[in-house]
Amino acid sequence: MANPEDTQATFCATLVDEWVRCGVGHAVVSPGSRSTPMALAVAGHPGLELHVQQDERCAGFVALGLALATGRPAIVLTTSGTAAVELHPAVVEADLARVPMLVCTADRPPELHDVGAPQSIDQLHLFGRAPRWFHAPGPPDAATAPRWRSLAARAVAEAMGAAPGPVHLNLAFREPLLGTAGPLPTIRPQGAVVSERPARPRLVTRPAMTMLDELAGRRGIFVAGAGSGPGRPLHDLARRLGWPVVASPQAPVWGVADAVIPAVDALLREPRLRDALRPDVVVRLGTPLASRVIGEWVAASGAREIVAAGPDRWIDPHGTADVVLDVDPGALLGAWEAASGELEPTEQGIWREAWEKAG
């Protein structure tokens with residue numbers, strides 16, 4: 001097992017690597033002790049142009065200008081305590097001007113809070129309502145490594161939304177702060193998580209509609225929970241694609257006769273069926289199913305995961321989603337069903353029949 005300092009270094013290197021994969025090209029660092037793990041990760045990545053600013057307030061506005069000029073989020077990093085507070089003017093400006101920024105503030109670990117440790121202040125939601133998203137993952141833990149890339153990609157997606165703006169990550173690090181990054185978590189073949197955030201009130205964008213072309217002719221399944229949209233369109237679309245539907249009783253499709261594969265928990269507990277029924281694509285609609293068996297099977301399948309849970313709802317408990325669509329599932333199903341008439345007849349009937357036979 002890696003030393004804690006090496007785990008911290010690997011965590012930071014993973015975030016930076018995923019940010020570069022998402023198109024981030026600039027990082028502004030205001031040096032300090034507690035931010036060392038992230039500062040070294042930023043300085044060590046060849047895909048980032050590093051800018052050093054001694055004054056934190058200046059650092060915030062340099063990042064703001066870089067993001068405004070490039071149209072992509074810029075990273076700004078400070079150490080803990082009052083240094084982080086100096087970013088507030090730039091964060092507010094980014095909010096009002098709709099400029100994407102990745103605001104990273106280092107923090108002391110939980111055991112150093114409320115005990116009078118120097119440069120330890122309450123940094124949770126430090127910038128109020130200005131950030132588009134705030135997250136404090138706590139001190140890096142190797143057990144959470146499968147979610148690190150998803151965390152980084154979501155930060156970019158939230159910053160680049162329909163109303164771009166700052167995202168605040170409050171990153172707690174323990175001493176020793178100097179570590180060596182190990183192998184980074186695997187890059188999913190399909191690439192980083194992306195959030196499609198269409199301009200409202202139109203919920204379904206052209207990219208989401210044309211995504212139907214990627215589904216046809218592939219071994220896929222629909223996983224429907226509460227809020228997954230009307231049952232009949234989902235049933236008809238699944239029939240057209242030759243896909244099975246796995247659903248919770250709260251999903252509207254549950255009430256459509258013969259639409260849902262029964263006893264899926266039992267099926268997936270049988271090793272041969274679990275492997276034979278492994279999909280290429282999973283489209284998850286609405287909230288996650290309560291079944292731990294189904295959730296873990298989907299996460300371990302390696303399938304391309306497309307999630308549509310509703311506007312401003314990011315549902316990715318295992319950190320394995322490839323695409324998160326900021327759309328209403330019902331509107332998405334309606335658009336896909338309307339477009340499905342242009343698809344060539346599927347040859348995946350045998351795939352669905354295998355599910356139905358197993359059920």
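Helices, of at least four residues, and strands, of at least two, are taken here as DSSP runs and numbered from the N terminus. With that convention in place, I turn to the structure above, which is a predicted model.

I begin with the largest pocket. Two elements, β5 (133–135) and α6 (148–159), each contribute at least two residues to its lining. Of these, helix α6 makes the greatest contribution to the lining of any element, with 4 residues. The space in this pocket amounts to about 330 Å³. The lining comprises 18 residues, and those closest to the pocket centre are H135, P137, R147, W148 and L151. Sorted by class, the lining consists of 9 nonpolar, 5 polar and 4 charged residues.

Is A157 buried or exposed? It is buried, because its relative accessibility is 9%, and the cut-off for that class is under 20%. The C-alpha atom of A157 lies 9.2 Å from that of V324, although 167 residues separate the two along the chain.

Next, the interior. In soluble globular proteins, nonpolar side chains tend to be buried together. In this model, the largest nonpolar core contains 44 residues, and F222, V253, V283, W336 and W355 have the most contacts inside it. Taking V253 as an example, and setting aside residues up to four places away in sequence, one finds that it touches A224, G231, L234, H235, V245, A247, A259 and V260. There is also a second, separate core, of 33 residues, with C12, V24, V167 and L177 among them.

I now come to the backbone. Most residues other than glycine have a negative phi, and most peptide bonds are trans. Which residues does the cis peptide bond join? They are E175 and P176, with omega at about 0°. P176 sits in the loop that runs between β6 (166–172) and β7 (194–196).

R98, which is not a glycine, has a positive phi of about 55°. Its place is the loop between α5 (88–97) and β4 (101–107). R98 is classed as exposed because its relative accessible area is 51%, where the class requires a value over 50%. H125, also a residue other than glycine, has a positive phi near 55°. This histidine is found in the loop connecting β4 and β5. H125 likewise counts as exposed, at 51% relative accessibility.

A further pairing across the sequence involves helix α12 (residues 292–300), where V293 is located. V293 and L268 are 25 residues apart along the chain, and their C-alpha atoms are separated by 7.1 Å. Apart from neighbours within four places in sequence, V293 makes contact with D265, L268 and R269.

Finally, a word on confidence. The chain has a mean pLDDT of 89, and 91% of its residues reach 70 or more.

Note on methods: Residues numbered from 1 in each chain as written. Predicted model: local features only at pLDDT ≥ 70, side-chain atom pairs only at ≥ 80, totals over all residues. Heavy atoms only, no water. pLDDT = per-residue confidence, 0-100. 1 Å grid on protein atoms, 1.4 Å probe; cavity = no way out; pocket = protein on both sides within 12 Å on 5 of 7 lines; lining within 4 Å. Points joined across faces, edges and corners; volume = space filled by probe spheres on them. Nonpolar A, V, L, I, M, F, W, Y, C, P; charged D, E, K, R; others polar. Core = buried A, V, L, I, M, F, W, Y, C linked by side-chain atoms within 4.5 Å. Buried < 20%, exposed > 50% of the residue type's maximum accessible area, 1.4 Å probe, protein only. Contact = heavy atoms within 4.5 Å.
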